[in-house]
Amino acid sequence: GSTTTSTNSNSEGPKSNGFEALHRGYMAKVYDTTSSPFKVCDLVEFVAIFAANPALMAFKNEICGRFNPPASAVPRLHVISFRRIQRDWGLIPRPQMRQSYQHKLHQLQARLKDVRKSLLDHMTKVLGGDKIVAETLLVHLMSRVHYRMSGQVIGKMSLALLNVPPSFPKIVKDLFADLLPTVNKIEVTIQNMNKEALMPVKDYDLNHLSQGKLQNANGTHLIIDETNLNEGKLSDLGVKNLRAIQQVIEEQKVNYDFKYHQMAFATDSPVLVLSTKKSILKCDCTVKLNNSRSLPASYEAVKASPKAVAQWREYLLFAKMMEIQITPEAGKLIQEDLVKERKFNPKMEEATMHLKLGIARLLASSFLEGKLSKDRWEYAKPLIKHIH
C-alpha cells in the first residue's frame, strides 16, 4: 500500500536546489503503509526520488487529472525513507539520548557565561544599545508550547516591540534567521490583509488545501511587521486574517478554512510583533525600544562571525528544550510576592500572575538551569517590571 501527502515551505530555512522558487509544494508518495504517518505541520526529512516530468516515474495505477495533477505541475517525491524532525531539529542530542545529551549540555554549561553574554552583547548592538529589550528578546526566544491546560497555553510568550522604524523589521528577520532554524515574516498592511488568506483554505475544485502564511512547521518563529500599517478599511477577508493572527498569539492555534466549516489545529509558533506605535494585536508582553535612533543601517553592519553564530545556535537549541522545575524555596517566595502584589493591585488577573511566573521560567532556561531558584526569581523581578 501507499499514502500520499503534500509538502510545502513558507519559513526561512534551508533551501534545496532552488525548487522552492518554482513550486509551492510537492506530493510525497510514501509506500508500504496503509495510512498517512504524518500530522499537520510535521517537519519531515525525506530521502526520495524527485520527479517533475509527467512521463518520468509514472506508475500504472496513477491517473492524472483534476484531483491528481501531473508531476509537471506538482512534482512528486517517491519516498525511499523518511524521519520526523523533532524540536532539536536533528542538530543536538535529544534528552532521550541521556549520555550524549548530558555530556554536550555540561560542555555548554561550562562556557555558558561567555556564550550568553556574547549573544546578549550582539543583540544589544542590533537593538541600538538597549540592554533591557535585548534580554527581554532573549527570554522571548526561549518560549515554546510546553503543554496546554484548562484552555491556557503554558510556555508561550508573545511579545510586542514598539517604537520600531519601518526599516528595522528586516534587520530583526536577518538576526532571527542567523540564530534560529526557521523564521517567517508577515507584513501587516491593509492591502496585504485584504489580498489573500493567511490561513489554509480548501479548494474543492482542485481538491487541494491552499497553503497560508500562518501554516508553518512547529517551532517556526513568526515576525508580524506592522510598521507600514496605515489607515484604511479592512474587507471581510482582512478582518478574518487579523483574527487568525490573534488566534495564533492567544491560543497557538491556526484555523483551516474548509469553506463550510473551520477546523483549528494546534501550532507552536512564537510570535514577535513589531510596531511603530501601539500594536493593533494583543500580545502577552509589550516593551518599548528606547534607542531607535541608534539602530544599525543593516544587519550586515553588525553581523557576527560564523563561529560565534554557531555557538549561539547550539546554546539556543539547548536552552529552548530545558524543562524547568520550581524549588520549594522559590515557590514559597514567589507565592508571597504574588500575594503582596495582588493586595496592592486587586484587579491583577490570574493570567498575569501565570505570565510573570512563565517569564521567570524562561529566564532560568536562558541560563541552562533545570530549576527556578530563589536567586533567579529575584533576578527576574526587575526585568518583569519593564515588561507591560
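Before counting anything, I note that buried means under 20% relative accessible area. With that cut-off, 46% of the 388 residues of the chain count as buried. I'm working with a predicted model here, so I keep that in mind.

Next, the overall make-up. I find eleven helices and 17 strands in the chain. For the surface, I get about 20,900 Å² of accessible area, and 52% of that belongs to carbon and sulfur atoms. I also looked at contacts with a separation of 6 or more: 75% of them are between residues 24 or more positions apart.

Now the rings. I count seven aromatic pairs in the structure. One of them is Y204 with Y260, a tilted pair with 5.6 Å centre to centre and 50° between the planes. Which parts does this pair tie together? Y204 is in the loop between β9 (201-203) and β10 (208-210), while Y260 is in the loop between β12 (253-257) and β13 (262-266), so the pair joins parts 56 residues apart in sequence.

Are these two buried or exposed? Y204 has 36% relative accessibility, so I write it down as partly exposed. Y260 has 72%, so that one goes down as exposed.

Y204 has another neighbour to jot down: K202 lies over the face of its ring, 4.9 Å from the ring centre. I found a charge over a ring elsewhere too, with the charged end of R116 over F367, 3.8 Å from the ring centre.

Last entry: F38, F46 and F82 are linked into a cluster by ring pairs.

Definitions and conventions: Residues numbered from 1 in each chain as written. Predicted model: local features only at pLDDT ≥ 70, side-chain atom pairs only at ≥ 80, totals over all residues. Heavy atoms only, no water. Phe/Tyr/Trp six-rings, centres within 6.5 Å; stacked < 30°, edge-to-face > 60°. Helix = DSSP H or I, 4+ residues; strand = E, 2+ residues; numbered from the N terminus. Buried < 20%, exposed > 50% of the residue type's maximum accessible area, 1.4 Å probe, protein only. Lys NZ or Arg CZ within 6 Å of the ring centre and 35° of its normal. Contact = heavy atoms within 4.5 Å. Areas by Shrake-Rupley, 256 points an atom, 1.4 Å probe, with all protein chains shown as cover.
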